[in-house]
Amino acid sequence: MQTYKIFESKHHQWLVFGRDPEKPNKIIDTNQYMVVTKNNALLMDPGGIELFSVMLAAIVKHVPIEKITHLFASHQDPDIISSLGLWDQALPDATLHSPWLWEGFIRHFGMDNIEYSPIPDEGYPLRIDDANLTFIPAHYLHSSGNFNVYDEEAKILMSGDIGAAIEGADAPLYVENFDEHCQKMTMFHQRWMPSNRAKNDWVERVSKLEIDMMCPQHGRIFKGDDVKRFLDWFYKLEVGTALANKT
């Protein structure tokens, strides 16, 4: 498991874990993000059950395990949070922030010790020490209850499946050629994203934010002008193509 620091200030830092060369070939590659503050850490979309041991080994190189006091699951998929039952045994005092819609489903992954904080449809702010984060609604992109995480100081949007690309574990961390990268994103967004109305509503909402980096759960990170290029590309893209192709 590779670890990269993508932001650092006097208040907090962002780490991304991914590009695991030991990952089984038939498991989709994922990015796991963590915000580290003075006394706490927020682990976002911590990954599937098969990733737990390598994630734990990677994390403890940077923070003691008891410092992880917050988890975030953007939605209910197994590549997002099926490791929950193991984190539940490892973390002595943690809260999971996740959509209210999925609480009864996510608890099937095992959850006896971690506290569930249901995120209402409109989202909510989360202050961890001196870091101010906000859970931004991204419903139907692709899950019907779905959130992103926005950091106003770092100007980072952790965008979950939005901006995802299907690539190997040896892919670069950042988008290098946007036009070429579109080819890796098109099918994913057309098939996994069901609603043009929800897509355009999200684009209009996040376009009001200052975003220097957009960080998806799969594939590469968008920086600088590539963030706006993605928003423009996504707004024009027709999604929900399984119905469009049905005869």
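View 1. S10 covers residues 147–151; strands (E, at least two residues) and helices (H or I, at least four) are DSSP runs numbered from the N terminus. The model is predicted: local features need pLDDT of at least 70, side-chain atom pairs count only at pLDDT 80 or more, and totals for chains, interfaces and linings use all residues. Residues are numbered from 1 along each chain as its sequence is written, and side-chain values use heavy atoms, with hydrogens and water left out.

**View 2. The strands paired with S10.** Strand S9 (residues 131–137) pairs with S10 in the antiparallel sense over five bridges; pairing requires at least two DSSP bridges between two strands. Phe135 stands opposite Val149. Strand S11 (residues 156–160) is also antiparallel to S10, over three bridges, and Tyr150 stands opposite Leu157. Four residues lie between the strands in the hairpin of S10 and S11, where Lys155 takes a positive phi near 55°.

View 3. Phe230 and Trp233 lie three residues apart in H7 (residues 225–236), about one turn of the helix. Phe230 counts as buried because its relative accessibility is 0%; Trp233 is buried at 16%.

**View 4. Lysines over tyrosine rings.** Lys223 lies over the face of Tyr174, at 4.4 Å from the ring centre. The charged end of Lys199 sits over the ring of Tyr235, 5.7 Å from its centre. The rule requires NZ of Lys or CZ of Arg within 6 Å of the ring centre and within 35 degrees of the ring normal.

How values were computed
Buried means under 20% relative accessible area, exposed over 50%, partly exposed in between (1.4 Å probe, protein chains only).
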